[in-house]
Every structure is written in C-alpha cells, then in structure tokens.
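Please look through the structure shown below before reading on, and keep it in view while following this report. The text turns to strands, then to a helix residue, and then to charged side chains.

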Amino acid sequence: MNKKKIVILGAGYGGMMVATKLQKKLSPNDAEITLVNKHDYHYQATWLHEVSAGTIHQDRARIRIKDVVNFNKVKFLQDTVLAIDTESKSVKLQNTGRIEYDILVVALGFQPATFGIPGIEEHAFTISTINTSRLLREHIEYNFAMYNNEVEKNPARLNIVVGGGGFTGVEYLGEIVNKVPELCKEYDIDPALVRVFNIDGSPTVLKGFDPQLVEYAMSSLESRGVEFINNAHLIEIKADKVIYEKDGETKEIPTMNAVWAAGVRANVIVEESGLGTNRGKVDVTPEMRAPGHDDIFVIGDCALVMDHKAGFPYPPTAQIAIQESGTIAHNIIALVKGGELEAFKPNILGTVASLGHKDGTGIVLDGRKLFGWKATVMKKIIDNRYLLKLGGIGLLIKKGKFNIFG
Ligand code: FAD
C-alpha cells in the first residue's frame with residue numbers, strides 16, 4: 001500500500017503542534033509528512049506586541065523549526081503557499097511548484113482585516129508577523145530619532161495612535177507606554193511631548209471582558225499616559241494623521257505612528273481555495289475537517305468553532321489552536337493506522353491580558369480574577385507551558401520567561 005502523504009501548511013501554533021505530535025506517533029514507514037512554512041522559524045504570535053514595542057528582541061519570540069521538528073521524520077519545505085486545489089489534491093507553492101497530499105492540514109493563521117478603511121494598507125503598521133512587528137518598532141524609533149533633526153519640530157513624529165482596543169491593541173499599549181521613557185532618554189526627547197492614544201468603537205476597551213478587569217486595564221494604562229478615545233470610529237489614515245469620527249464630529253490627530261490592531265481575519269488563501277467559508281473561516285466539522293473534504297483538516301485562526309452555549313464562535317486564540325492540535329493529530333493517526341475519529345471538545349482555561357511586563361489582568365478557569373503581578377505570573381506560566389509542550393524542557397530552558405516579577 002502506498003504511504004499516505006500528509007502535508008501541513010503553516011508552522012504557527014496549530015501547525016507546529018500537529019507536526020510534533022505526528023512525529024512522535026508515526027514512523028516514516030507509516031506516512032510521509034511534509035511541513036510547509038514561509039520562514040525557517042516558528043514565531044509566537046502572542047509575544048508580537050512585545051517585539052513591536054521593542055521590549056523584547058524578535059529572536060526571543062522565534063524558534064528555529066529544526067530545533068523542534070525532527071527532519072528525519074518530517075520533511076520541511078521553506079516556501080510560500082499560493083493556493084490549495086482540492087480537485088487535484090495539491091497545493092501550489094511559490095518556489096517548489098505543486099505538492100500533492102492525501103491528508104492536508106491548513107494552519108495558515110491570521111492576517112490583518114482592514115474593513116476597507118482608506119489608508120490602513122498604505123500608512124498603518126500592524127502586529128501580525130515578526131517582520132511587521134520589527135518594522136513597527138524601527139519606524140517609531142526612526143521618528144523619535146528624526147524629531148530633533150528637523151528645524152521645525154513635528155509632533156506627528158511623537159504621537160502614537162493605536163486603532164482598536166481588543167487584546168492586541170491593549171497589550172501593545174501596555175508595552176509601548178513602558179518603552180516610551182527609554183526612547184525619550186535615548187533620543188533626547190521630553191517625555192511630556194509624547195502622546196499615546198487609543199481609538200475604539202466601543203464604550204470601553206476589551207469589549208466583552210469582565211467589567212472589573214476592563215476598568216483595571218484602563219486605569220492602569222491611563223496612569224501611564226494612554227489617552228482613550230472610545231465610541232469613536234477611525235475613518236481614514238493618512239501619512240501624517242489619523243481621522244476619526246466621534247459624536248457626529250470628524251476629528252484628527254497628527255501622527256506618523258498609526259498602529260492598526262482592530263481586526264484580524266483568517267488567511268485569505270482559505271477563502272480563495274473554496275473550502276466553504278463562514279466569516280472567512282472554515283466552519284469545521286466536529287472532527288476539525290472542512291465540510292465535504294474528509295481529507296482536509298483546518299486548525300487555529302483558519303477554523304471556525306462554534307461556542308454553542310454562547311451562540312457565537314470561539315475567539316481565535318493560540319490556546320484553542322493548541323487544543324485543536326490534539327484532536328487533529330489523533331484523527332490523522334486514526335486515518336493512517338485505523339481507529340475511531342474523535343470530536344474536538346474545547347476546554348477554555350481562562351484569558352490573561354498583559355499590560356506591560358509588570359502588570360496584567362485576567363480570569364482563570366475557576367472564575368478567579370487576577371490583577372497586577374499575579375496576572376503577569378500566570379501569563380508567563382501559560383507561555384512557558386506552551387514551550388514545554390512544544391519542545392520539552394530543553395526549549396523551555398532556552399526560550400522560557402523566568403523573571404516572573406519583571
Ligand atoms: P499562526 O500562529 O498565525 O501561524 C500561521 C503560520 O503560517 C505562520 O508561521 C506563518 O508564517 C505561516 N504562513 C502564513 N501564510 C503563509 C503562506 N502563504 N505560506 C506559508 N506559510 C504561511 N492568543 C492566546 O491564546 N492568548 C494570548 O494571550 C494571545 N495574545 C496575542 C497577542 C498578539 C499581539 C497577537 C497578534 C495575537 C495573540 N493571540 C493570543 C492570538 C494567537 O496568536 C493566534 O490565535 C494564533 O497565533 C493562531 O495560531 P495559528 O496556528 O492558527 O496561526
């Protein structure tokens with residue numbers, strides 16, 4: 001019998017966890033496994049707000065794929081996926097041409113959603129990959145460096161405007177307000193000249209989160225200088241200003257540092273490949289397969305999993321992607337070796353938002369609310385737990401966050 005060709009697209013949380021689980025359970029005699037990813041590294045997207053603010057170096061947030069994946073068991077292809085062709089059961093890659101599959105895992109993650117707002121693509125910076133995050137960090141540093149090199153001082157160089165007060169926006173605000181004093185010292189700038197704004201359409205940030213935690217987050221950030229503009233809608237971003245609407249009035253803030261953190265969507269390849277999408281994601285079967293495609297599993301931010309109790313989909317998180325990997329790996333092994341397929345059962349363990357490296361807030365499984373250093377400790381435990389799961393104690397020691405109080 002021919003060996004099954006298993007192809008995993010994307011080495012984010014979902015793809016890496018499926019690959020490392022399969023390499024433990026399947027031998028090269030059972031199946032030929034290929035992992036395809038744009039870069040030769042895996043990055044922890046949940047650390048990108050830190051990379052974007054420059055509070056950690058990008059190398060802290062990325063892990064060489066070869067350090068975790070056994071290339072004797074999993075073939076690695078560094079390439080960019082262009083399209084999935086379900087008819088010919090093949091994937092079109094930028095450099096390698098086509099690669100065929102018997103079983104496909106779509107783990108291509110998220111990309112920013114701009115909702116058609118003019119100027120975002122041209123002028124705003126996003127926190128979505130290592131490269132966009134490094135660019136944002138360097139762009140703000142450049143503007144701070146330029147400020148004192150111009151005869152006519154331009155406040156737009158020092159104003160930072162973050163569009164969106166969801167988790168990504170709030171976590172970035174927490175990091176950037178911690179970084180501003182350091183940047184001011186470095187570039188001879190009076191800290192009183194720097195203003196950090198957040199614009200969000202809801203009455204508060206972290207919409208849907210526990211009100212006590214929201215209040216804590218907002219007052220922590222306000223105490224460090226963040227100016228919240230709520231119930232406001234960003235209508236355009238230009239090279240030197242952000243234009244928004246509030247209470248029926250159009251207003252603007254001069255800025256050359258616009259950060260767009262107000263929305264993500266599933267990788268557009270999923271929709272373009274005709275996998276049957278709902279809100280841009282694949283509305284997966286209980287076994288995490290694309291409907292009508294028993295050979296295609298979809299994971300993480302590309303998959304839509306309904307929270308039937310709440311009546312809406314689970315938000316896209318690394319937590320759920322990691323949990324889905326267990327079901328998908330089990331089901332692939334069942335298809336290869338024989339056995340029963342299982343249904344995915346999410347087990348949400350809580351949510352913690354960081355507010356800079358010394359502060360945070362969140363809620364854990366038993367409903368306990370966490371504030372301040374207790375939340376930051378929990379956040380680090382979550383990060384470290386993932387490293388342990390992915391690469392064992394060696395990876396944890398190499399990449400873990402151990403300075404729990406700072
Ligand atoms: P990703 O992790 O996005 O991985 C996708 C992979 O596919 C990447 O390696 C990418 O390079 C690769 N890829 C993409 N396109 C192509 C292509 N065309 N060809 C080849 N390779 C490609 N979640 C939490 O649970 N807790 C948190 O605290 C949290 N905080 C966050 C903070 C920030 C700043 C951000 C941005 C996100 C946060 N999230 C958090 C959400 C979490 O990061 C995502 O839900 C998670 O990364 C989704 O995992 P994934 O495997 O679906 O995709």
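Which residue in β13 does G163 stand opposite? The residue facing G163 is I199, which belongs to β13, and this pairing can be followed in the model, which is a predicted one.

**A strand with neighbours**

Strand β12, made up of residues 160-163, is covered on both of its faces, with I160 and V162 buried on one side and V161 and G163 buried on the other. This strand pairs with strand β13 (residues 196-199) in the parallel sense, over four bridges. Between β12 and β13 the chain passes through helix α6 (residues 167-186), and this β-α-β crossover is right-handed. Strand β12 also runs parallel to strand β18 (residues 257-260), to which four bridges join it, and in this pairing V161 has A258 of β18 as its bridge partner.

Helix α1 spans residues 13-25 and includes M16, which counts as buried because its relative accessibility is 0%. Leaving aside neighbours within four places in sequence, M16 is in contact with several residues, including L35, H42, I65, Y386 and L390. M16 and G391 are 375 residues apart in sequence, yet their C-alpha atoms are 10.0 Å apart in space.

**Charged side chains**

Side chains of opposite charge can pair when their charged atoms come close. Across the whole structure, a search finds 19 salt bridges, and the table gives some examples by name.

| Salt bridge | N to O distance |
|---|---|
| K398 and D67 | 3.2 Å |
| E182 and K179 | 2.8 Å |
| K238 and E236 | 4.0 Å |

K398 is exposed, with a relative accessible area of 55%, whereas D67 is partly exposed, with a relative accessible area of 40%.

The pair of E182 and K179 lies within helix α6, where the two residues are separated by about one helical turn because they are three residues apart. Is K179 buried or exposed? K179 is buried, as its relative accessible area is 8%.

In the remaining pair of the table, K238 is partly exposed at a relative accessible area of 35%, and E236 is also partly exposed, at 27%.

Methods. Residues numbered from 1 in each chain as written. Predicted model: local features only at pLDDT ≥ 70, side-chain atom pairs only at ≥ 80, totals over all residues. Heavy atoms only, no water. Buried < 20%, exposed > 50% of the residue type's maximum accessible area, 1.4 Å probe, protein only. Pairing = 2+ DSSP bridges. Right-handed = clockwise from strand over helix to strand, strands pointing away. Contact = heavy atoms within 4.5 Å. Salt bridge = Lys/Arg side-chain N within 4 Å of Asp/Glu carboxyl O.
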